[in-house]
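Here is a short report on a two-chain model. It takes a helix pair first, then the contact between the chains, then a sheet.

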Amino acid sequence: MSPQLQTISDFIKTSSGISDAEKESLFKLIKEVDKNQTMIQFKLERIEKDRNTLSIMLQESIEDLQKKSLVIEDANKALTQTLEELKATQVQLIQSEKMASLGELTAGIAHEIQNPLNFVNNFSEVSNELIDEMTEQLEKGNAEEAKAIANEVKMSLEKINLHGKRADGIVKSMLQHSRASTGKKEPTDINVLADEYLRLAYHGLRAKDKSFNAAIKTDYDENIGLVKIISQDIGRVILNLITNAFYAVMEKKKLQPTGYEPTVTVSTKKIDNKIIVEVKDNGTGIPQKAIDKIFQPFFTTKPTGQGTGLGLSLSYDIVTKGHGGEIKVETKEGESTGFSVILPV
Amino acid sequence: MKILVVDDEKDVQVLFEQRFRKEIRNKEMEFAFAYSGEDALKYLGDLSHEAVLILSDINMPGMSGLELLRHIKEKHKEPPPLVMMITAYGDAENYNTAMKLGADDFLTKPLEFSLLKEKLKAIH
């Protein structure tokens, strides 16, 4: 019993103004209060114990959560780092794909620059000769003849200029090909772009493999005009499709050395508000089981070391994400493949 | 002398016509031009265009100069035309193949026209 209740109880016991019956009744009441008080005390102690247990448990949980949070934080850091590494690898892969295709082109570029350079040299030599001849005629007083020769000189100079520009264009597109994309859409003559890469790819392959040859057919729609595209990127797509086409006809030629005419056709056309660039070949075609995977990164049917498996995947991204266009393929195994790049204008 | 020049670079015609303008004017040489191996064979198939000398590039789309050389040496035996190969790829492999196929000469680009002129005059 609590000291307060004991004091009250002692007071009642000694008090003379209270009857025995009333005392009895009061004692009973005090006992009940005492009992209740004990119960409340007990409950309070239990609540206190529970609270302590709960507090300990909470503390443990908080510590546990803090530990978990640290683990998550570490994992997050590791993931961020991996993501950054992946991004860097992706950039490197895109760059190596670009460089690989540039490597493929090197011999073609050399040939394509050599040819206009030869013209520049030859036409400048001939211009010198013509001028000597013109002076000779003037000295003889043959003005008409001198005039005719002057026209020849003019033609020679025009040719020098034309072939100089041709070489310049090739060097510029080579530099553009190796640089990171500017991402800027600029008015471009897509026919010139396609033809340039067709010639580079063709001469590149010819220089690498002398036995290689293929008929090239072109059908460019002269009414296209200038199209706003990221020329570097679309050039890369066209180059990739042409290189693949040449590869497919070369493979078929190996299987069928006689009676087969390897042919690659590049065409452009404008239909409504769309420009379509088509690259067709009569090569090996794409097997049905591979057709769904051709645009996946790293998918290649070429032997190890011959293809990065990124060409078509990058082309797909350039056409769809970069230009809001479409890239379609039609193929018949063993017979032909045709890729269409459809660009909105 | 009739000379057939085979090259897929069309400006070769202007160049030859300018460099050999005196010979052409004096009717010492007569040039014809074909822009592919196939065109050259078509031209040679027509007897009225019989060329005595063929100057052919090697690296051309479609039929290469070496294939053209093989065709000419196989099919045009009487009289056998002389075939000179002119190429930017003057490597041993091309040279040996051309010689094996019966090429009469092998010149590399950039073409030394003075040398070619001497050679053509010697044949003439």
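In chain B, the axes of helix 3 (residues 37–45) and helix 4 (residues 65–75) come within 9 Å and cross at roughly 20 degrees. Axes here are lines fitted to C-alpha atoms, for helices over the stretch in contact, and angles run from 0 to 180 degrees between N-to-C directions. Helices (H or I, at least four residues) and strands (E, at least two) are DSSP runs, numbered from the N terminus. Helix 3 and helix 4 of chain B are therefore roughly parallel to each other. The cut-offs: under 35 degrees is roughly parallel, over 145 roughly antiparallel, 65 to 115 roughly perpendicular, and the rest oblique. The crossing of helix 3 and helix 4 of chain B is right-handed, meaning that the near helix is turned clockwise from the far one by less than a right angle.

The model is predicted: local features need pLDDT of at least 70, side-chain atom pairs count only at pLDDT 80 or more, and totals for chains, interfaces and linings use all residues. Residues are numbered from 1 along each chain as its sequence is written, while chains are lettered from A and ligands numbered from 1 in the order in which they are written.

Which residues meet between helix 3 and helix 4 of chain B? Helix 3 of chain B brings Gly37(B), Ala40(B), Leu41(B) and Leu44(B); helix 4 of chain B brings Gly65(B), Glu67(B), Leu68(B), His71(B) and Ile72(B). Contact means C-beta atoms, placed from the backbone, within 7 Å. By class, the residues of this contact are five nonpolar, three polar and one charged. Nonpolar covers Ala, Val, Leu, Ile, Met, Phe, Trp, Tyr, Cys and Pro; charged covers Asp, Glu, Lys and Arg; the others, Gly among them, are polar.

Now the contact between the chains. It takes 18 residues from chain B and 21 residues from chain A. On the chain B side, helix 1 (11–19) and helix 5 (92–100) each supply at least two residues. Helix 1 of chain B gives the largest share, five residues. The chain B side has eight nonpolar, five polar and five charged residues.

Chain A has seven helices and seven strands. Buried residues make up 26% of its 345 residues. Buried means 20 or more other C-beta atoms within 10 Å of the residue's own, exposed means 12 or fewer, and partly exposed lies in between; C-beta atoms are placed from the backbone.

Five strands of chain A form an open, mixed sheet in the order 2-4-5-7-6. Two strands pair if DSSP finds at least two bridges between them. Strand 2 (215–219) and strand 6 of chain A are at the edges with a single partner strand each, so one side of each has no neighbour in the sheet. Neighbouring strands of this sheet are turned by 10 degrees against each other on average, direction ignored.

| Strand | Partner strand | Bridges |
|---|---|---|
| Strand 4 (residues 263–271) of chain A | Strand 5 of chain A | Eight bridges |
| Strand 5 (residues 274–281) of chain A | Strand 7 (residues 336–344) of chain A | Eight bridges |
| Strand 6 (residues 326–332) of chain A | Strand 7 of chain A | Seven bridges |

Asp281(A) in strand 5 of chain A stands opposite Val264(A), and its bridge partner in strand 7 of chain A is Thr337(A). Lys332(A) stands opposite Ser336(A) in strand 7 of chain A. The hairpin of strand 6 and strand 7 of chain A has three residues between the strands, and Gly334(A) takes a positive phi near 85 degrees there.

Technical notes: Contact = placed C-beta atoms within 7 Å.
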